[in-house]
Amino acid sequence: MSVEAREARQPWILLSPALGAVALLLFVPLVFIVVYSFWLRTSTGADQVGFYLENWQEVLSDAFYRDILLNTLKIASITTVVCALMGYPAAYFIARSSGNKAILLLLLMLPFWISYIIRTMSWINILGVSGAFNTFMLWIGIIDEPLQMLYNQTTVILGLVHFLLPFMVLNVFVSLDGIDTNLEDAANSLGATRWQAFVQVTLPLSLPGLAAGGLLCFVLGAGTYITPLVLGGPRDAMFANLVFEAIITQLNWPLGSALSLMLLAVLGALVLIYNRYLGMAQLMKGLG
Amino acid sequence: MAAKTNTGWHLIRIWAIAVYVFMFLPVAVVVLLSFNASQFGSFPMTGFSFRWFAELAQNEAILRAFRTSMILGALTALFSTTLGVLASLALVRYNVPGRNMITTMLIAPILVPEVVLAVALLLFLNFLGLPKSFPLLLAGHVIFTLPFVILVVQARLVSIKRDIEEAALSLGASPRQTFFEITLPLMMPAVLAGGLFAFTISFDDITGTLFWKPGGVETVPTQIFAMLRNSISPEINALGTVMIFMTVGLPLLGLAIARRVASKGGT
(Lines give C-alpha, C1' and ligand atoms only; values in the text may rest on other atoms or scores of the structure.)
Protein backbone atom coordinates (compact mmCIF):
# COMPACT_ATOMS: atom_id res chain seq x y z
CA MET A 1 0.00 0.00 0.00
CA SER A 2 1.26 3.45 -0.83
CA VAL A 3 2.13 5.92 1.92
CA GLU A 4 -0.70 8.24 0.84
CA ALA A 5 -3.29 5.48 1.00
CA ARG A 6 -2.11 4.47 4.45
CA GLU A 7 -2.18 8.10 5.55
CA ALA A 8 -5.76 8.44 4.28
CA ARG A 9 -6.89 5.30 6.07
CA GLN A 10 -5.35 6.15 9.40
CA PRO A 11 -8.02 8.58 10.69
CA TRP A 12 -10.73 6.04 9.94
CA ILE A 13 -8.88 3.38 11.91
CA LEU A 14 -8.71 5.81 14.83
CA LEU A 15 -12.36 6.80 14.47
CA SER A 16 -13.86 3.37 13.93
CA PRO A 17 -14.03 2.19 17.58
CA ALA A 18 -15.87 5.34 18.70
CA LEU A 19 -18.13 5.50 15.65
CA GLY A 20 -18.81 1.77 15.99
CA ALA A 21 -19.76 2.18 19.63
CA VAL A 22 -22.11 5.08 18.90
CA ALA A 23 -23.69 3.17 16.01
CA LEU A 24 -24.15 -0.07 17.94
CA LEU A 25 -25.15 1.47 21.27
CA LEU A 26 -27.19 4.45 20.11
CA PHE A 27 -28.27 4.58 16.46
CA VAL A 28 -29.22 0.93 16.00
CA PRO A 29 -31.04 0.83 19.38
CA LEU A 30 -32.99 3.97 18.38
CA VAL A 31 -34.09 2.30 15.16
CA PHE A 32 -34.90 -0.79 17.17
CA ILE A 33 -37.28 1.01 19.53
CA VAL A 34 -39.08 2.48 16.53
CA VAL A 35 -39.80 -1.10 15.46
CA TYR A 36 -40.55 -2.16 19.04
CA SER A 37 -43.13 0.61 19.44
CA PHE A 38 -45.32 -1.18 16.86
CA TRP A 39 -45.27 -4.45 18.76
CA LEU A 40 -47.91 -5.24 21.32
CA ARG A 41 -47.86 -6.16 24.98
CA THR A 42 -50.18 -9.11 25.45
CA SER A 43 -51.96 -10.04 28.65
CA THR A 44 -49.68 -13.06 29.05
CA GLY A 45 -46.72 -10.72 29.32
CA ALA A 46 -45.04 -11.71 26.07
CA ASP A 47 -44.52 -9.13 23.32
CA GLN A 48 -46.47 -9.80 20.14
CA VAL A 49 -44.26 -9.11 17.13
CA GLY A 50 -46.08 -7.36 14.31
CA PHE A 51 -47.32 -4.00 13.13
CA TYR A 52 -49.84 -2.70 15.62
CA LEU A 53 -50.82 0.93 15.95
CA GLU A 54 -52.33 0.58 19.44
CA ASN A 55 -49.41 2.06 21.37
CA TRP A 56 -49.20 5.10 19.14
CA GLN A 57 -52.95 5.52 19.20
CA GLU A 58 -52.85 5.52 22.98
CA VAL A 59 -49.89 7.91 23.24
CA LEU A 60 -51.22 10.37 20.69
CA SER A 61 -54.90 10.43 21.63
CA ASP A 62 -55.04 9.89 25.40
CA ALA A 63 -55.62 13.20 27.20
CA PHE A 64 -53.64 11.88 30.17
CA TYR A 65 -50.42 11.75 28.15
CA ARG A 66 -51.15 15.06 26.44
CA ASP A 67 -51.68 16.85 29.75
CA ILE A 68 -48.47 15.50 31.22
CA LEU A 69 -46.56 16.44 28.07
CA LEU A 70 -47.91 20.00 28.26
CA ASN A 71 -47.12 20.15 31.96
CA THR A 72 -43.58 18.96 31.26
CA LEU A 73 -43.07 21.64 28.63
CA LYS A 74 -44.47 24.23 31.03
CA ILE A 75 -42.11 23.20 33.83
CA ALA A 76 -39.14 23.18 31.45
CA SER A 77 -40.09 26.63 30.10
CA ILE A 78 -40.39 28.20 33.54
CA THR A 79 -37.12 26.57 34.58
CA THR A 80 -35.36 27.94 31.50
CA VAL A 81 -36.67 31.47 32.03
CA VAL A 82 -35.71 31.45 35.71
CA CYS A 83 -32.25 30.13 34.84
CA ALA A 84 -31.83 32.92 32.29
CA LEU A 85 -32.98 35.62 34.74
CA MET A 86 -30.71 34.34 37.49
CA GLY A 87 -27.81 33.25 35.33
CA TYR A 88 -27.37 36.14 32.89
CA PRO A 89 -26.51 38.84 35.48
CA ALA A 90 -24.25 36.36 37.30
CA ALA A 91 -22.42 35.50 34.07
CA TYR A 92 -22.18 39.22 33.25
CA PHE A 93 -20.70 39.87 36.67
CA ILE A 94 -18.04 37.18 36.14
CA ALA A 95 -17.21 38.28 32.58
CA ARG A 96 -16.83 41.96 33.48
CA SER A 97 -15.33 41.50 36.92
CA SER A 98 -11.89 42.95 37.53
CA GLY A 99 -11.17 40.07 39.90
CA ASN A 100 -10.02 36.59 39.02
CA LYS A 101 -12.56 35.46 36.42
CA ALA A 102 -11.30 31.88 36.33
CA ILE A 103 -11.81 31.43 40.07
CA LEU A 104 -15.23 33.10 40.02
CA LEU A 105 -16.34 30.86 37.17
CA LEU A 106 -14.86 27.74 38.76
CA LEU A 107 -16.74 28.52 41.99
CA LEU A 108 -20.04 28.64 40.17
CA MET A 109 -19.17 25.48 38.24
CA LEU A 110 -18.30 23.52 41.40
CA PRO A 111 -21.91 22.54 42.14
CA PHE A 112 -21.96 21.14 38.59
CA TRP A 113 -19.55 18.49 39.82
CA ILE A 114 -21.60 17.67 42.87
CA SER A 115 -23.87 14.70 42.42
CA TYR A 116 -27.27 15.52 40.94
CA ILE A 117 -29.09 13.31 43.47
CA ILE A 118 -27.30 14.96 46.40
CA ARG A 119 -28.09 18.45 45.14
CA THR A 120 -31.70 17.49 44.56
CA MET A 121 -32.20 15.95 47.97
CA SER A 122 -30.34 18.82 49.66
CA TRP A 123 -33.48 20.94 49.24
CA ILE A 124 -35.28 18.62 51.65
CA ASN A 125 -32.79 19.80 54.27
CA ILE A 126 -33.70 23.40 53.47
CA LEU A 127 -37.46 23.27 52.91
CA GLY A 128 -38.55 20.17 54.82
CA VAL A 129 -40.78 20.34 57.89
CA SER A 130 -37.71 20.22 60.14
CA GLY A 131 -35.44 21.85 57.56
CA ALA A 132 -33.33 24.97 57.84
CA PHE A 133 -36.05 27.40 56.76
CA ASN A 134 -38.77 26.16 59.10
CA THR A 135 -36.37 25.81 62.02
CA PHE A 136 -35.25 29.39 61.52
CA MET A 137 -38.74 30.82 61.11
CA LEU A 138 -39.96 28.97 64.23
CA TRP A 139 -36.93 30.16 66.16
CA ILE A 140 -37.45 33.84 65.39
CA GLY A 141 -41.17 33.38 65.99
CA ILE A 142 -42.63 34.34 62.61
CA ILE A 143 -44.55 31.06 62.40
CA ASP A 144 -45.95 28.74 65.06
CA GLU A 145 -46.32 25.64 62.92
CA PRO A 146 -43.79 24.39 60.38
CA LEU A 147 -44.90 25.17 56.84
CA GLN A 148 -45.36 22.34 54.36
CA MET A 149 -43.36 23.67 51.43
CA LEU A 150 -42.08 20.54 49.73
CA TYR A 151 -43.49 18.15 47.17
CA ASN A 152 -45.18 20.46 44.69
CA GLN A 153 -44.51 21.91 41.27
CA THR A 154 -42.61 24.88 42.68
CA THR A 155 -40.09 22.67 44.45
CA VAL A 156 -39.64 20.61 41.27
CA ILE A 157 -38.81 23.82 39.38
CA LEU A 158 -36.55 24.96 42.22
CA GLY A 159 -34.63 21.68 42.08
CA LEU A 160 -34.32 21.89 38.29
CA VAL A 161 -33.07 25.48 38.41
CA HIS A 162 -30.47 24.51 40.98
CA PHE A 163 -29.39 21.61 38.76
CA LEU A 164 -29.33 23.52 35.46
CA LEU A 165 -28.16 27.02 36.36
CA PRO A 166 -24.43 26.26 35.83
CA PHE A 167 -25.17 25.29 32.19
CA MET A 168 -26.77 28.69 31.63
CA VAL A 169 -24.02 30.66 33.38
CA LEU A 170 -21.27 28.86 31.50
CA ASN A 171 -22.84 29.39 28.08
CA VAL A 172 -23.64 33.05 28.66
CA PHE A 173 -20.18 33.63 30.10
CA VAL A 174 -18.47 32.10 27.05
CA SER A 175 -20.51 34.42 24.86
CA LEU A 176 -19.97 37.57 26.94
CA ASP A 177 -16.29 36.91 27.39
CA GLY A 178 -15.84 36.89 23.62
CA ILE A 179 -17.34 40.36 23.17
CA ASP A 180 -14.85 43.18 22.80
CA THR A 181 -15.51 45.63 25.67
CA ASN A 182 -14.35 48.43 23.39
CA LEU A 183 -17.70 48.11 21.63
CA GLU A 184 -19.54 49.21 24.76
CA ASP A 185 -17.04 52.01 25.35
CA ALA A 186 -17.50 53.15 21.77
CA ALA A 187 -21.27 53.23 22.23
CA ASN A 188 -20.79 55.27 25.40
CA SER A 189 -18.48 57.77 23.77
CA LEU A 190 -21.05 58.20 21.01
CA GLY A 191 -23.59 59.28 23.62
CA ALA A 192 -25.35 56.06 24.64
CA THR A 193 -26.03 55.49 28.32
CA ARG A 194 -24.58 52.36 29.98
CA TRP A 195 -28.02 50.74 29.81
CA GLN A 196 -28.52 51.65 26.14
CA ALA A 197 -25.08 50.33 25.30
CA PHE A 198 -25.92 47.07 27.04
CA VAL A 199 -29.34 46.63 25.46
CA GLN A 200 -28.30 47.61 21.95
CA VAL A 201 -24.76 46.23 21.76
CA THR A 202 -23.85 43.65 24.39
CA LEU A 203 -27.17 41.86 24.79
CA PRO A 204 -27.68 41.15 21.07
CA LEU A 205 -24.10 39.91 20.78
CA SER A 206 -24.57 37.55 23.71
CA LEU A 207 -27.82 36.05 22.44
CA PRO A 208 -26.15 32.96 20.94
CA GLY A 209 -24.81 32.02 24.37
CA LEU A 210 -28.17 32.70 25.98
CA ALA A 211 -29.85 30.52 23.35
CA ALA A 212 -27.35 27.68 23.86
CA GLY A 213 -27.81 27.83 27.64
CA GLY A 214 -31.56 28.00 27.19
CA LEU A 215 -31.62 24.96 24.92
CA LEU A 216 -29.57 22.90 27.37
CA CYS A 217 -31.74 23.94 30.33
CA PHE A 218 -34.93 23.18 28.45
CA VAL A 219 -33.91 19.82 26.99
CA LEU A 220 -32.26 18.55 30.18
CA GLY A 221 -35.12 19.87 32.32
CA ALA A 222 -37.84 18.35 30.14
CA GLY A 223 -36.08 14.96 30.10
CA THR A 224 -35.76 14.41 33.84
CA TYR A 225 -37.72 12.04 36.03
CA ILE A 226 -35.57 12.03 39.17
CA THR A 227 -36.35 15.58 40.31
CA PRO A 228 -40.16 15.04 40.28
CA LEU A 229 -39.68 11.74 42.14
CA VAL A 230 -37.59 13.39 44.87
CA LEU A 231 -39.08 16.89 45.13
CA GLY A 232 -42.52 16.54 43.55
CA GLY A 233 -45.85 15.28 44.83
CA PRO A 234 -47.88 12.44 43.30
CA ARG A 235 -49.44 14.84 40.77
CA ASP A 236 -46.17 16.36 39.57
CA ALA A 237 -45.08 13.56 37.22
CA MET A 238 -43.26 14.67 34.09
CA PHE A 239 -43.17 12.91 30.75
CA ALA A 240 -40.00 10.98 31.51
CA ASN A 241 -41.74 9.59 34.61
CA LEU A 242 -44.28 7.98 32.27
CA VAL A 243 -41.44 6.34 30.37
CA PHE A 244 -39.92 5.08 33.62
CA GLU A 245 -43.30 3.77 34.80
CA ALA A 246 -44.00 1.96 31.53
CA ILE A 247 -40.54 0.38 31.23
CA ILE A 248 -39.53 -0.36 34.81
CA THR A 249 -42.78 -0.69 36.76
CA GLN A 250 -45.31 -2.02 34.25
CA LEU A 251 -42.77 -3.75 32.01
CA ASN A 252 -44.83 -2.60 29.02
CA TRP A 253 -41.86 -2.15 26.73
CA PRO A 254 -43.71 -1.49 23.46
CA LEU A 255 -45.69 1.33 25.09
CA GLY A 256 -42.51 2.59 26.76
CA SER A 257 -40.83 2.68 23.34
CA ALA A 258 -43.63 4.78 21.89
CA LEU A 259 -43.51 7.17 24.87
CA SER A 260 -39.70 7.51 24.59
CA LEU A 261 -39.94 8.26 20.88
CA MET A 262 -42.62 10.86 21.58
CA LEU A 263 -40.28 12.61 24.04
CA LEU A 264 -37.41 12.32 21.55
CA ALA A 265 -39.55 13.80 18.78
CA VAL A 266 -40.56 16.84 20.83
CA LEU A 267 -37.11 17.58 22.26
CA GLY A 268 -35.31 16.53 19.07
CA ALA A 269 -37.39 19.01 17.09
CA LEU A 270 -36.13 21.77 19.37
CA VAL A 271 -32.50 20.72 18.90
CA LEU A 272 -32.99 20.62 15.12
CA ILE A 273 -34.58 24.10 15.04
CA TYR A 274 -31.70 25.38 17.14
CA ASN A 275 -29.17 23.70 14.85
CA ARG A 276 -30.87 25.17 11.78
CA TYR A 277 -30.57 28.76 13.01
CA LEU A 278 -27.55 28.81 15.30
CA GLY A 279 -25.54 25.68 14.54
CA MET A 280 -23.97 23.23 16.94
CA ALA A 281 -20.67 25.10 17.25
CA GLN A 282 -21.99 27.44 19.97
CA LEU A 283 -23.27 24.53 21.99
CA MET A 284 -19.93 22.71 21.81
CA LYS A 285 -18.12 25.80 23.02
CA GLY A 286 -20.25 25.89 26.13
CA LEU A 287 -19.89 22.15 26.78
CA GLY A 288 -16.16 21.93 26.24
CA MET B 1 -12.98 51.92 36.32
CA ALA B 2 -15.66 54.56 36.75
CA ALA B 3 -18.35 52.31 35.32
CA LYS B 4 -17.92 49.85 38.14
CA THR B 5 -18.82 52.33 40.84
CA ASN B 6 -22.30 53.04 39.52
CA THR B 7 -25.45 51.58 41.02
CA GLY B 8 -26.10 49.24 38.10
CA TRP B 9 -22.88 47.40 38.73
CA HIS B 10 -23.66 47.21 42.46
CA LEU B 11 -27.01 45.64 41.73
CA ILE B 12 -25.38 43.10 39.43
CA ARG B 13 -22.84 42.26 42.10
CA ILE B 14 -25.50 41.78 44.77
CA TRP B 15 -27.49 39.62 42.33
CA ALA B 16 -24.43 37.51 41.55
CA ILE B 17 -23.66 37.01 45.23
CA ALA B 18 -27.27 35.90 45.77
CA VAL B 19 -26.84 33.37 42.94
CA TYR B 20 -23.67 32.02 44.57
CA VAL B 21 -25.51 31.67 47.88
CA PHE B 22 -28.39 29.90 46.12
CA MET B 23 -25.97 27.42 44.55
CA PHE B 24 -23.96 26.72 47.70
CA LEU B 25 -26.40 26.99 50.59
CA PRO B 26 -28.14 23.62 50.13
CA VAL B 27 -24.82 21.86 49.67
CA ALA B 28 -23.36 23.56 52.74
CA VAL B 29 -26.38 22.44 54.76
CA VAL B 30 -25.80 18.81 53.71
CA VAL B 31 -22.20 19.01 54.94
CA LEU B 32 -23.25 20.79 58.15
CA LEU B 33 -25.97 18.26 58.98
CA SER B 34 -23.68 15.32 58.34
CA PHE B 35 -21.78 16.35 61.46
CA ASN B 36 -24.95 16.73 63.52
CA ALA B 37 -24.99 14.54 66.63
CA SER B 38 -28.80 14.34 66.58
CA GLN B 39 -30.27 11.04 65.44
CA PHE B 40 -32.58 12.73 62.95
CA GLY B 41 -31.21 14.00 59.67
CA SER B 42 -32.46 17.49 60.33
CA PHE B 43 -32.23 20.61 62.46
CA PRO B 44 -31.64 21.55 65.23
CA MET B 45 -27.94 20.83 65.52
CA THR B 46 -27.42 19.13 68.85
CA GLY B 47 -23.66 18.82 68.71
CA PHE B 48 -20.70 18.00 66.55
CA SER B 49 -20.05 14.36 65.81
CA PHE B 50 -18.42 11.98 63.36
CA ARG B 51 -20.80 9.16 64.30
CA TRP B 52 -22.64 9.18 60.96
CA PHE B 53 -19.41 8.71 59.08
CA ALA B 54 -18.55 5.83 61.40
CA GLU B 55 -21.96 4.26 60.76
CA LEU B 56 -21.48 4.80 57.06
CA ALA B 57 -18.26 2.80 57.17
CA GLN B 58 -20.17 -0.10 58.74
CA ASN B 59 -23.16 -0.07 56.43
CA GLU B 60 -22.73 -3.10 54.18
CA ALA B 61 -25.19 -1.90 51.52
CA ILE B 62 -23.47 1.46 51.18
CA LEU B 63 -20.00 -0.06 51.05
CA ARG B 64 -21.13 -2.45 48.33
CA ALA B 65 -22.66 0.42 46.37
CA PHE B 66 -19.45 2.35 46.77
CA ARG B 67 -17.38 -0.51 45.40
CA THR B 68 -19.75 -0.95 42.45
CA SER B 69 -19.56 2.76 41.64
CA MET B 70 -15.76 2.81 41.85
CA ILE B 71 -15.33 -0.21 39.57
CA LEU B 72 -17.97 1.02 37.15
CA GLY B 73 -16.45 4.51 37.08
CA ALA B 74 -12.92 3.22 36.55
CA LEU B 75 -13.91 0.85 33.73
CA THR B 76 -16.08 3.54 32.13
CA ALA B 77 -13.15 5.96 32.25
CA LEU B 78 -10.83 3.37 30.73
CA PHE B 79 -13.06 2.47 27.77
CA SER B 80 -14.49 5.90 27.19
CA THR B 81 -11.10 7.62 27.29
CA THR B 82 -9.53 5.08 24.94
CA LEU B 83 -12.32 5.47 22.38
CA GLY B 84 -12.44 9.22 22.90
CA VAL B 85 -8.71 9.87 22.60
CA LEU B 86 -8.41 7.83 19.39
CA ALA B 87 -11.37 9.63 17.83
CA SER B 88 -10.10 13.04 18.96
CA LEU B 89 -6.68 12.34 17.47
CA ALA B 90 -8.29 11.56 14.13
CA LEU B 91 -10.44 14.69 14.24
CA VAL B 92 -7.69 17.07 15.31
CA ARG B 93 -4.73 15.64 13.41
CA TYR B 94 -6.20 14.62 10.08
CA ASN B 95 -8.24 16.33 7.46
CA VAL B 96 -11.16 13.93 7.68
CA PRO B 97 -13.84 14.42 5.05
CA GLY B 98 -17.23 15.15 6.66
CA ARG B 99 -15.63 16.27 9.91
CA ASN B 100 -18.67 18.20 11.16
CA MET B 101 -20.99 15.32 10.42
CA ILE B 102 -18.73 12.88 12.27
CA THR B 103 -18.42 15.22 15.26
CA THR B 104 -22.20 15.57 15.46
CA MET B 105 -22.55 11.78 15.36
CA LEU B 106 -20.03 11.33 18.15
CA ILE B 107 -21.77 14.02 20.24
CA ALA B 108 -25.21 12.51 19.58
CA PRO B 109 -25.40 10.56 22.88
CA ILE B 110 -25.76 13.86 24.76
CA LEU B 111 -28.14 15.38 22.22
CA VAL B 112 -30.61 12.55 22.78
CA PRO B 113 -32.44 12.79 26.13
CA GLU B 114 -30.78 10.38 28.53
CA VAL B 115 -34.06 8.62 29.29
CA VAL B 116 -34.51 7.79 25.60
CA LEU B 117 -30.91 6.59 25.31
CA ALA B 118 -31.49 4.44 28.39
CA VAL B 119 -34.67 2.84 27.02
CA ALA B 120 -33.24 2.23 23.55
CA LEU B 121 -30.07 0.59 24.85
CA LEU B 122 -31.90 -1.51 27.44
CA LEU B 123 -34.45 -2.84 24.96
CA PHE B 124 -31.98 -3.46 22.14
CA LEU B 125 -29.35 -5.26 24.20
CA ASN B 126 -32.08 -7.24 25.93
CA PHE B 127 -33.31 -8.26 22.47
CA LEU B 128 -29.75 -9.38 21.63
CA GLY B 129 -29.76 -11.56 24.74
CA LEU B 130 -27.93 -9.22 27.12
CA PRO B 131 -30.37 -8.55 29.98
CA LYS B 132 -29.93 -5.98 32.75
CA SER B 133 -26.44 -6.66 33.97
CA PHE B 134 -23.13 -5.06 34.77
CA PRO B 135 -21.93 -5.16 31.12
CA LEU B 136 -25.12 -3.36 30.04
CA LEU B 137 -24.54 -0.76 32.75
CA LEU B 138 -20.96 -0.34 31.57
CA ALA B 139 -21.97 -0.05 27.91
CA GLY B 140 -24.49 2.63 28.86
CA HIS B 141 -22.01 4.62 30.88
CA VAL B 142 -19.36 4.43 28.16
CA ILE B 143 -21.67 5.67 25.43
CA PHE B 144 -23.06 8.42 27.64
CA THR B 145 -19.64 9.74 28.76
CA LEU B 146 -17.95 9.43 25.34
CA PRO B 147 -19.13 12.84 24.01
CA PHE B 148 -17.83 14.64 27.11
CA VAL B 149 -14.44 12.95 26.78
CA ILE B 150 -14.24 13.84 23.09
CA LEU B 151 -15.13 17.49 23.75
CA VAL B 152 -12.60 17.83 26.57
CA VAL B 153 -9.77 15.94 24.89
CA GLN B 154 -10.25 17.65 21.53
CA ALA B 155 -10.09 21.09 23.14
CA ARG B 156 -6.76 20.22 24.76
CA LEU B 157 -5.25 18.40 21.76
CA VAL B 158 -5.59 21.46 19.56
CA SER B 159 -3.01 23.24 21.70
CA ILE B 160 -0.27 20.62 21.13
CA LYS B 161 2.01 21.83 18.37
CA ARG B 162 2.91 19.45 15.56
CA ASP B 163 6.38 21.02 15.22
CA ILE B 164 7.78 18.97 18.08
CA GLU B 165 6.64 15.71 16.49
CA GLU B 166 7.99 16.75 13.12
CA ALA B 167 11.29 17.60 14.76
CA ALA B 168 11.43 14.11 16.31
CA LEU B 169 10.62 12.52 12.95
CA SER B 170 13.25 14.56 11.12
CA LEU B 171 15.83 13.58 13.75
CA GLY B 172 15.26 9.95 12.83
CA ALA B 173 12.61 8.69 15.27
CA SER B 174 10.14 6.20 13.84
CA PRO B 175 6.45 7.20 13.82
CA ARG B 176 5.85 4.67 16.60
CA GLN B 177 8.70 6.08 18.71
CA THR B 178 7.44 9.59 18.05
CA PHE B 179 3.97 8.70 19.24
CA PHE B 180 5.02 6.97 22.43
CA GLU B 181 7.89 9.26 23.37
CA ILE B 182 6.63 12.65 22.19
CA THR B 183 2.91 12.73 21.42
CA LEU B 184 1.60 10.56 24.26
CA PRO B 185 3.46 12.37 27.07
CA LEU B 186 2.27 15.71 25.65
CA MET B 187 -1.26 14.32 25.50
CA MET B 188 -1.26 13.00 29.06
CA PRO B 189 -2.99 16.02 30.62
CA ALA B 190 -5.75 15.72 28.01
CA VAL B 191 -6.05 11.98 28.59
CA LEU B 192 -6.18 12.41 32.37
CA ALA B 193 -8.74 15.21 32.10
CA GLY B 194 -10.93 13.07 29.83
CA GLY B 195 -10.63 10.05 32.13
CA LEU B 196 -11.49 12.05 35.24
CA PHE B 197 -14.45 13.63 33.48
CA ALA B 198 -15.74 10.21 32.45
CA PHE B 199 -15.22 8.81 35.94
CA THR B 200 -17.04 11.68 37.62
CA ILE B 201 -20.00 11.59 35.23
CA SER B 202 -20.28 7.83 35.60
CA PHE B 203 -19.96 8.05 39.39
CA ASP B 204 -22.80 10.61 39.53
CA ASP B 205 -25.16 9.11 36.99
CA ILE B 206 -28.59 8.02 38.12
CA THR B 207 -30.95 8.68 35.19
CA GLY B 208 -29.63 5.89 32.97
CA THR B 209 -28.37 3.72 35.80
CA LEU B 210 -31.86 3.14 37.23
CA PHE B 211 -32.86 1.65 33.87
CA TRP B 212 -29.78 -0.47 33.34
CA LYS B 213 -28.85 -1.80 36.77
CA PRO B 214 -29.83 -5.37 37.55
CA GLY B 215 -32.00 -5.99 40.61
CA GLY B 216 -29.99 -5.97 43.81
CA VAL B 217 -27.08 -4.04 42.35
CA GLU B 218 -26.84 -0.45 43.55
CA THR B 219 -24.46 2.36 42.74
CA VAL B 220 -23.98 5.17 45.23
CA PRO B 221 -26.56 7.48 43.61
CA THR B 222 -29.19 4.73 43.29
CA GLN B 223 -28.48 3.69 46.88
CA ILE B 224 -29.09 7.26 48.05
CA PHE B 225 -32.23 7.36 45.94
CA ALA B 226 -33.48 4.14 47.53
CA MET B 227 -32.70 5.44 51.02
CA LEU B 228 -34.63 8.66 50.30
CA ARG B 229 -37.81 6.63 49.92
CA ASN B 230 -38.04 6.30 53.70
CA SER B 231 -36.94 9.66 55.01
CA ILE B 232 -33.82 11.72 55.00
CA SER B 233 -31.46 10.10 57.47
CA PRO B 234 -28.23 11.56 58.85
CA GLU B 235 -26.43 8.78 57.01
CA ILE B 236 -27.57 10.19 53.67
CA ASN B 237 -26.10 13.56 54.59
CA ALA B 238 -22.84 11.89 55.60
CA LEU B 239 -22.76 9.92 52.35
CA GLY B 240 -23.55 13.14 50.49
CA THR B 241 -20.61 14.84 52.17
CA VAL B 242 -18.28 12.00 51.14
CA MET B 243 -19.61 12.25 47.55
CA ILE B 244 -19.18 16.02 47.50
CA PHE B 245 -15.56 15.77 48.57
CA MET B 246 -14.91 12.98 46.09
CA THR B 247 -16.50 14.53 43.03
CA VAL B 248 -15.28 18.04 43.75
CA GLY B 249 -11.90 17.08 45.17
CA LEU B 250 -10.92 14.64 42.42
CA PRO B 251 -11.38 16.99 39.44
CA LEU B 252 -9.65 19.81 41.32
CA LEU B 253 -6.77 17.47 42.05
CA GLY B 254 -6.75 16.41 38.41
CA LEU B 255 -6.77 20.02 37.30
CA ALA B 256 -3.83 20.78 39.59
CA ILE B 257 -1.88 17.77 38.28
CA ALA B 258 -2.68 18.71 34.69
CA ARG B 259 -1.50 22.28 35.31
CA ARG B 260 1.72 21.10 36.87
CA VAL B 261 2.45 18.58 34.12
CA ALA B 262 1.57 21.17 31.49
CA SER B 263 3.76 23.86 33.01
CA LYS B 264 6.69 21.44 33.27
CA GLY B 265 6.23 20.20 29.74
CA GLY B 266 5.60 23.65 28.33
CA THR B 267 8.73 25.38 29.55
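**Figure 1. R162(B), an exposed residue in a predicted model.** R162(B) belongs to helix 7 of chain B, which covers residues 162-170. R162(B) has 11 other C-beta atoms within 10 Å. A residue counts as exposed at 12 or fewer, so R162(B) is exposed. G254(B) lies 92 residues away from R162(B) along the chain. The C-alpha atoms of R162(B) and G254(B) are 25 Å apart.

**Figure 2. Chain B, with 11 helices and zero strands.** Along the sequence, the pattern of chain B reads α-α-α-α-α-α-α-α-α-α-α. The C-alpha atoms of chain B fill a box of roughly 70 × 70 × 35 Å along the principal axes. Chain B has 267 residues, and 45% of them are buried. Take the contacts in chain B between residues at least 6 apart in sequence: 76% of these join residues at least 24 apart.

**Figure 3. The contact between chain A and chain B.** Chain A brings 69 residues to the contact, and chain B brings 72 residues. On the chain B side, several helices each supply at least two residues, among them helix 1 (7-34), helix 3 (60-93), helix 8 (175-204) and helix 11 (234-266). Helix 1 of chain B gives the most to this side, with 14 residues. By class, the side of chain B that touches chain A holds 59 nonpolar, nine polar and four charged residues.

**Figure 4. Helix 3 of chain A packed with helix 1 of chain B.** Helix 3 of chain A spans residues 63-96. The axes of helix 3 of chain A and helix 1 of chain B lie 8 Å apart, at an angle of about 115°. These two helices are therefore roughly perpendicular to each other. Their crossing is left-handed. Helix 3 of chain A makes the contact with M86(A), P89(A), A90(A), Y92(A) and F93(A). Helix 1 of chain B makes the contact with I12(B), R13(B), W15(B), A16(B) and V19(B). Nine of the residues in this helix contact are nonpolar, none is polar and one is charged.

**Figure 5. The largest nonpolar core, with 153 residues.** Which residues touch the most other members of this core? They are A91(A), L164(A), F173(A), V243(A), L263(A) and V119(B). Helix 7 of chain A, residues 153-177, gives the most to this core, with 16 residues.

**Figure 6. L263(A) and the residues that L263(A) touches.** Residues up to four places away in sequence are not counted here. In chain A, L263(A) touches G223(A), F239(A), A240(A) and V243(A). In chain B, L263(A) touches P113(B), V115(B) and V116(B).

Methods
Residues are numbered from 1 along each chain as its sequence is written. Chains are lettered from A and ligands numbered from 1 in the order in which they are written. This is a predicted model: local features need pLDDT of at least 70, side-chain atom pairs count only at pLDDT 80 or more; totals for chains, interfaces and linings use all residues. Two residues are in contact if their C-beta atoms, placed from the backbone, lie within 7 Å. Helices (H or I, at least four residues) and strands (E, at least two) are DSSP runs, numbered from the N terminus. Ala, Val, Leu, Ile, Met, Phe, Trp, Tyr, Cys and Pro count as nonpolar, Asp, Glu, Lys and Arg as charged, and the others, Gly among them, as polar. Axes are lines fitted to C-alpha atoms, for helices over the stretch in contact, and angles run from 0 to 180 degrees between N-to-C directions. Angles under 35 degrees count as roughly parallel, over 145 as roughly antiparallel, 65 to 115 as roughly perpendicular and the rest as oblique. A crossing is left-handed if the near helix is turned anticlockwise from the far one by less than a right angle, and right-handed if clockwise. A nonpolar core is a set of buried Ala, Val, Leu, Ile, Met, Phe, Trp, Tyr and Cys residues joined through C-beta atoms within 7 Å. A residue is buried if 20 or more other C-beta atoms lie within 10 Å of its own, exposed if 12 or fewer, and partly exposed in between; C-beta atoms are placed from the backbone.
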